[in-house]
Amino acid sequence: MSLQKTFIVFTIACMALVMAKTQRLNGLLPERSILNFMASSSRALQGNPTRSLECFDYYIPIIDETAQQYQWDLGNCTEAFENAQQAAFQASSEQRNQLAKTVNDSCEILIECENAATAEDVYQCYINQGPTEAKTLYTVSIDATSQYATLEEKIRQAQSEEDMCNTKARISYEKDSTQAYGELNSCILNDTPIPTTATPSSKV
């Protein structure tokens, strides 16, 4: 193999490794596609390195765009969950404020008992007001339990939607990535002509 051809093959191998490293850092799943691609294209890479470089020049931006789109989709999934979670918190704000007010009012009533005129009045105040405010606080506990369950359900639904969103994004990425590697492999093997049209514009 000539020195020039050796250099070209080495360059192609480096490009493939950079692609794999970049996608691993982004938390993507390219390993199987890259291994399959390199296994099926290794001889063609050595046999016609100039053509291989031209194929890489066309398909690397597409593969990179696919990875970027996946990251963008995942970011949208996370943002949608965070917005839904924040909306659930805000929706419960008035209820939480009302619970706090009820608790504070009950406590103030009992605290006022110590200001009664006589010791007898102090005791009578606690005796009379204690059961009433205990019922009030018990009602607060019941209401809080119900409201918290509603909040938890809203957050659970938001998490479920985020999971489905992530799954949809991953399936789309794996499909597009596999297709791109397949077309790159076909190009290198000379099964298809080297594309000459501009690569699609990024959605990101």
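## Contacts and overall make-up

Residues 24 or more positions apart supply 81% of the contacts (heavy atoms within 4.5 Å) in the protein chain with a separation of 6 or more. Keep in mind that this is a predicted model, where local features need pLDDT of at least 70 and side-chain atom pairs count only at pLDDT 80 or more, while totals for chains, interfaces and linings use all residues. Residues are numbered from 1 along each chain as its sequence is written, and side-chain values use heavy atoms, with hydrogens and water left out.

The protein chain has 5 helices and 0 strands, and from the N terminus on its elements run α-α-α-α-α. Here helices (H or I, at least four residues) and strands (E, at least two) are DSSP runs, numbered from the N terminus.

## Surface and burial

Of the 204 residues in the protein chain, 27% count as buried. Buried means under 20% relative accessible area, exposed means over 50%, and partly exposed lies in between (1.4 Å probe, protein chains only). The accessible surface of the protein chain is about 13200 Å², with 55% of that belonging to carbon and sulfur atoms. These areas come from the Shrake-Rupley method with a 1.4 Å probe; for residues, only the protein chains shown count as cover.

## Three disulfides

How many disulfides does a search of the whole structure find? The search finds 3 disulfides, each defined as a pair of cysteine sulfur atoms within 2.5 Å. With the bonded cysteines of the protein chain numbered in sequence order, the pairing reads 1-6, 2-5, 3-4.

## Two links between helices α3 and α5

C55 and C187 are joined by a disulfide with an S to S distance of 2.0 Å. This pair links distant parts of the chain: C55 sits in helix α3 (residues 49–91) and C187 in helix α5 (residues 119–188), 132 residues apart. The torsion about the S-S bond of C55 and C187 is about -80°, so this disulfide is left-handed. C55 is buried at a relative accessible area of 0%, and C187 is buried at 0% relative accessibility.

A disulfide also joins C77 to C165, S to S 1.9 Å. Again the pair links distant parts of the chain, with C77 in helix α3 and C165 in helix α5, 88 residues apart. Why is the disulfide of C77 and C165 left-handed? Because the torsion about its S-S bond is about -75°.

The remaining pair to describe is C113 and C125, joined by a disulfide with S to S at 1.8 Å. C113 lies in the loop between α4 (93–112) and α5, and C125 lies in helix α5, so the pair ties together parts that are 12 residues apart in sequence. The torsion about the S-S bond of C113 and C125 is about -65°, so this disulfide is left-handed. Both C113 and C125 are buried.

One more cysteine deserves a mention: C107 is partly exposed, at 36% relative accessibility.

## An annotated stretch

Which residues does UniProt assign to the feature "coiled-coil region"? The unreviewed entry places the feature at residues 141–168; UniProt positions are given in the numbering used here, feature names are shortened, and annotations may be inferred rather than shown by experiment. In the model, residues 141–168 are 100% helix and 0% strand, and the end C-alpha atoms of this stretch are 40 Å apart.
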